[in-house]
Amino acid sequence: MAVLDPLVYGILLGGLFTLISVGFSLSWGVLDIIDLSHGIQIILGSYISFWLYTLYGINYWLTIPVAFALIFAGSYVYQRTLLQRFVDREQFIYIFVITFGVSVACEALMDIFWTSNYRSVTMDYPTFVVGGVTIPSLRIIAFVVSIVLTGLLAYMLKYTRMGYAIRAIRDNQKSARLMGVNTDRTYALTMGLKGGLAAVGGSLLLTLQPISPISHFRWMVFAFIVVVIGGLGSVTGALAGGLLLGVVISAVGTYASQGIADVVAYTLLTVFLFVRPTGLFGLQEGQSNA
Amino acid sequence: MPEDSTGGLRESVDRVLASFEDTVKQYRLPLTVLALVVLAVVPLVLPAYPTRIVALSLFGVILAGSFNLISGFTGYISFGQGAFIGVGAYTGAMLIKAAGAPLVVAILVSGLLAALIALVLGFPLLRLRGHYFAIATFVIQLALAALISSLSELGGGQGLVSLSVWPYDYYYYAFAIIAVALVATTYFVRQSYFGLRLLAINSNEIQAETLGVPTNRYKLQAFVLSAVFPGMAGAVWANYIGYINPGTALDPHLSVRAVLYTLTGGLGTVFGPVIGALSLSLLNNTLGSQFLELDSVIFGLLIVVVILFMPNGILGLLNRSE
C-alpha cells in the first residue's frame, strides 16, 4: 500500500523527532533557555557513535550510552560555566546569541577536524514486511528506544524529586528556591538531560541516514518545530508534535520532494506561532500542571 | 556586592557615552562633514582590497542599523533582519540579470519590495511578544530560504549568478549612501515624537497604549522602516559578491551579525550600531583573511567573547530599556 508507507515511516521517524525535541522543550519551556547549539549536541552524539564504531569496532548499541554520558556531562558544564550567568541576569536574548556563536564555532571546528564529508554506518539488519509495508528493523529500534526514553523522562518528571524540582521551577522559580530547590543544579541537570537525549537521538539518527557537521542546523530546526507545535515544556506535546512532523515530512517528502517538505514544515511552524503560540499541549499563561 | 560594582560600572559607562554624545552634539556639523568626506575619499586613497573591506563593513553597519531601528527603539528583538537582505538580494539579482535594470532602479525596487513584505508580515508578527517575536522572525527567514530553494525560477538551491557589470567603486558608494541614509534616519527618528513613542512602547507597551499611542501602527511603521535599508543593501550586495544562493543570501549569520554588532555598540543609540559594526567587521575581516580556514571559528568565538566580556554598561543599556 503506497498510502500506508509514508504514514508508517512518518510515525517511526516521529519517535526520533520526539526524542531530540523533548529535552529542548523542557529547557525552553521550563528554564526559558533557547539553546541554538542543540543541533550540535545531536550531531556530536552521531559522531561519538560513528568514531567508536568505525575506529574501535565497538558494538554500535553500546556506543549510545557513551554518547549520552559524554554529552550529558558536556551540557552540564556548558550550562554551569557559560549559560547560567545569563539566567541569573535574566538576559535570555544573550543566550540565543551566544549559543548561536557556539554552534557556528563547533560546526567550523568539526569541519576542520572531521571534514565536511557525510558519514554513515552500515549495519546488516533484517527488514520486515507488515501488511504490505516494508519496514527496516533499524527504524523500529530507533522508534522503540526513542519512545522508551521519552517515557522514562515523563516518569522522572512526574514521580521523582528531580522532576518535582523541575516542575517547581517552571511554576515559580523564586518560590522553588525558597522551598529549598537547588535551582542552579536543577538547571544544569536539565540541560544535561537535554543534551544527553539529543545525543542518543543523534546516534540513532546515524543508523537511518548520513550526517555531516552542517546537518546540525536542520535538526535543531526540527526540534523547534516539534516544540512549537506540541507546546513548551510538555512531554505529551513533544510526542504529538514529533509524530505529526514525522508524518508530514515523510508524506510530503514522498509525494512531492524533500525541499517542499521543509517548506511545509516551516509553514506549519509559522502558522502555529501566529495562531496558537502555546502549541497543542502547552500551558497557558498562569496555568500550572498539578 | 556585585550589584554595587555593576551599578558603578554602568554609571561610569553611561557617563562616557553621555559625554561622547555631548561632544558629538557640540561639533555636530564639522564631525558629520568629516565623516562624509572620509567616506567619500576611501576608494580614492585606499587600494582595492582595503576598500572592499570597508565596503563590507558598511554593509555590516546597514545590518546593525536596521536591527536597531526595530529592536533598539521598540524592544521587539528581531532575529530575522537577514530576511530583508535576502529579499533585496534576489530582487536585485533578478532585476539586473533578467530585466537589465540599472543599479539605482534595482536598489529602489528591492527596498520597496522588502518594505512591502515587512508590511504584510508585520501584522501577525508584531502581535507576538518576547521570545516568540524573536523566534518567529528567525523562522520566517529560514522558511524563506526553504521556499526559494524549491523555486526553480529563482535558481532553486543552486542559486543565481548575478552579473557584476559595474566597477567596484559603484558598489562601495551605494553601500556608503545607504548606510548614511540609515544613520540619518535613525538620528531623526531618535529626535522625533515618533521615536519617543517607540521608546514608550519599549518601556511599557500597555501603558503607552492606555495613553493613546497607537502602538500597533507605530510598531508596524518601525518594522517597515527597518526593512527598507537592508532590502536596498541586499540588491547591491548580490551584485557585489556576484553569486547568491538561499544559503548565502538568507544565511542566519546575517541576522545574528546584526544583533551582535548592535549589542556591542549599544542598543537603541544612534551611533552604537555604527561603532559596533565597524569595529567587529574590520576585526573579523582582518582576522578572517589572515586565517582563512578559521574564518567561521573566529566569527563564532567572537560572538562568545563579545557577549561574555561586553562591558556591563552596554548590557545595562539593554536592561534599562527592557
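At what angle do helix 10 and helix 11 of chain A pack?

**Basis of the model**

This is a predicted model, in which local features need pLDDT of at least 70, side-chain atom pairs count only at pLDDT 80 or more, and totals for chains, interfaces and linings use all residues. Residues are numbered from 1 along each chain as its sequence is written, chains are lettered from A, and side-chain values use heavy atoms, without hydrogens and water.

**Two helices in chain A**

Helix 10 (residues 235-255) and helix 11 (residues 258-275) of chain A pack at about 145°, and their axes are 8 Å apart. Axes are lines fitted to C-alpha atoms over the stretch in contact, and angles run from 0 to 180 degrees between N-to-C directions. Helices are DSSP runs of H or I with at least four residues, and strands are runs of E with at least two, numbered from the N terminus.

Contact means heavy atoms within 4.5 Å. On the helix 10 side the residues in contact include Leu245(A) and Val248(A), and on the helix 11 side they include Ala261(A) and Leu268(A). By class, this contact has 9 nonpolar, 2 polar and 1 charged residues. Gly is counted as polar, Ala, Val, Leu and Ile as nonpolar, and Asp as charged.

**A hairpin in chain A**

Strand 1 (residues 127-130) and strand 2 (residues 133-136) of chain A pair in the antiparallel sense over 4 bridges; pairing requires at least two bridges found by DSSP. Phe128(A) stands opposite Ile135(A) in strand 2. The hairpin has 2 residues between its strands, and Gly131(A) takes a positive phi near 55°.

**Chain B against chain A**

The contact takes 39 residues from chain B and 38 residues from chain A.
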